[in-house]
Amino acid sequence: MGRRVVIIGGGFAGLAAAVELSEGGADVVVLERRKHLGGRAYSFLDAMTGDIVDNGQHLFMACYSNTISFLSKIGTLDKLEFQTAPRVDFLDRENGLTSFACRRLPAPFHALSGILGMKGLTAGDKLRALRVGRALGKKGPRDETVSGWLKALGQSQRIRERFWNPMTIATLNESPDIASAKMLGKVLEQSFGGGFADSRLGLSRVGLSQLYTSAARAFIESRKGEVRTAAEVGRLVFDGDWVAGCELKSGECLKADSYITAVPPSALGRILPHEVRRRYFPGLLSLTSSPIVSMNLWFDRPVFNHEFAGLLGTRVQWLFNRDLICREARGLNHVAIVISAAYQYTDWTRDELIDLARADLESLIPEVKGARLIHSRVIKEREATISHTTESDRIRPPAATRVGNLILAGDWTDTGLPATIESAVISGRLASKCAVKSEASSNTVPAASWLPGGTTRPISEC
């Protein structure tokens, strides 16, 4: 029997950790409180239409090497399809359709070629975008907001509204006025620093759950691991500075050598004793969340003939044609609309949000005006990601903690990237390494500081 590890949370982070550990011979138990796996990236069947609905539409990038490796390992990489060339279409009232389409050039000139081809930007706007690339090539942004950083680099309001701000909101799920410029710099380095091929976007051709949850579960169980759904953790039981057990709401208590929590900060806070949280995780509740609202609309006729597009000058920000994206789509004119950093919309009613989405679409797409709405579905993810502020840069924790056998995972931990699927998978792999290292060092996980103003380990270490 290998080392026993309990993993709390069945999303990308928890399943990535479980796959790594079970492959290495560990005795793994994954606990998911809901009846289905997937965490904050899952899909479900819409009962009325029979279409697969994602809880929020995700774009992948070809530079997501850890995610690609994970999907390849569980045998589902063929369900993810990348563009042949990097391209993002945008719609606005003034210029109609415009595209950020990269030419096959060395980095970063491929990205510059995409900006040069966009409508609605002056020649000066486009040339001054070079300053951003040069700034990344030097020290990069530090403790400042995206807006402040871009203004200091001479980026006009127009290019910020039409390019930099949509990118910030989409990738960081936060307003540029408070979002971390350091995290945007990481996005730009990862997206465009590797070259033409790495900048391509990818879409799952199946629902998010079909992309990874079933295959990951089968991988784990084929190696004698256990995956439990509807298994809600009530609390972690401590014996001094050590986790002695994981108590479920059902009353069952599981014992293990190591415990990995792969849940959001708020959920982690609920299962930690107050004194443990106060002493070892003082920054936990300072990591606030940012919401995403998604609206799924089914019309009586086609209204949009592209796979996806960014929307400029509207409250809704992205439009996805699910009929073109999903292999299992039933051709029912299904589109998904996304609002990131949706603080002001989380308390809106379903009807108010549908009216908002339709009004914004009608202002950009004439075909929507004559179409009849047949069905709709609204999904609010109130804790979609952490809020990527300059403060969060300082307090995101590493995988290893000062509690001997407790390890953290989740896209919100200090992976060096914003809270994306790639960040979640990285965190799971880092957590698995920590669990293995703790075995090699006789149940002693390397100490890591997570105090305001403290230091954290490089992401390559445990």
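This is a predicted model: local features need pLDDT of at least 70, side-chain atom pairs count only at pLDDT 80 or more; totals for chains, interfaces and linings use all residues.
## A first walk through the chain

Leucine 324 is placed in helix α12, which covers residues 322-325. With a relative accessibility of 44%, leucine 324 counts as partly exposed. Setting aside residues up to four places away in sequence, leucine 324 touches Arg205, Asn305, His306 and Glu307. Its C-alpha also lies 9.5 Å from that of valine 335, a residue eleven positions away in sequence.

### Stepping back to the whole chain

How many helices and strands does the chain have? The secondary structure comes to 16 helices and 20 strands. The radius of gyration is 22 Å, close to the 23 Å that the globule rule gives for 462 residues, so the chain is as compact as a globular protein of that length. Along the principal axes, the C-alpha atoms fill a box of roughly 65 × 55 × 40 Å. Of the 462 residues, 57% are buried. Among contacts with a separation of 6 or more, 69% are between residues 24 or more positions apart.

Leaving out neighbours within four places in sequence, aspartate 360 is in contact with Thr314, Arg315 and Val316. The C-alpha atoms of aspartate 360 and leucine 311 are 8.9 Å apart, although 49 residues separate them along the chain. Arginine 358, with residues up to four places away not counted, touches Phe299, Val368, Lys369, Ala371, Arg372 and Leu373.

Two packed helices are described by the angle between their axes and the distance between the axes. For helix α7 (residues 157-172) and helix α8 (residues 181-192), the axes come within 10 Å and cross at roughly 95°. The two helices are therefore roughly perpendicular to each other. On the α7 side, the contact is made by Trp164, Met167, Thr168, Thr171 and Leu172; on the α8 side, by Met183, Leu184, Val187, Leu188 and Phe192. Eight of the contact residues are nonpolar, two are polar and none is charged.

Helix α9 (residues 208-222) has 15 residues. From first C-alpha to last it reaches 22 Å, close to the 21 Å expected at 1.5 Å a residue. Among the residues buried in α9 are Leu208, Leu211, Tyr212, Ala215, Ala216, Phe219 and Ile220. An α-helix has 3.6 residues a turn, so residues three or four places apart point the same way.

### Backbone details to look for

At 53% relative accessibility, alanine 230 counts as exposed.

One more stop is a cis peptide bond, which joins alanine 107 and proline 108 with omega about 0°. Proline 108 is found in the loop between β8 (96-101) and α3 (109-116).

Key: Residues are numbered from 1 along each chain as its sequence is written. Side-chain values use heavy atoms; hydrogens and water are left out. Axes are lines fitted to C-alpha atoms, for helices over the stretch in contact, and angles run from 0 to 180 degrees between N-to-C directions. Helices (H or I, at least four residues) and strands (E, at least two) are DSSP runs, numbered from the N terminus. Angles under 35 degrees count as roughly parallel, over 145 as roughly antiparallel, 65 to 115 as roughly perpendicular and the rest as oblique. Contact means heavy atoms within 4.5 Å. Ala, Val, Leu, Ile, Met, Phe, Trp, Tyr, Cys and Pro count as nonpolar, Asp, Glu, Lys and Arg as charged, and the others, Gly among them, as polar. The expected span of a helix is 1.5 Å times one less than its number of residues. Buried means under 20% relative accessible area, exposed over 50%, partly exposed in between (1.4 Å probe, protein chains only). The radius of gyration is taken over C-alpha atoms; the globule rule is 2.2 Å times the number of residues to the power 0.38.
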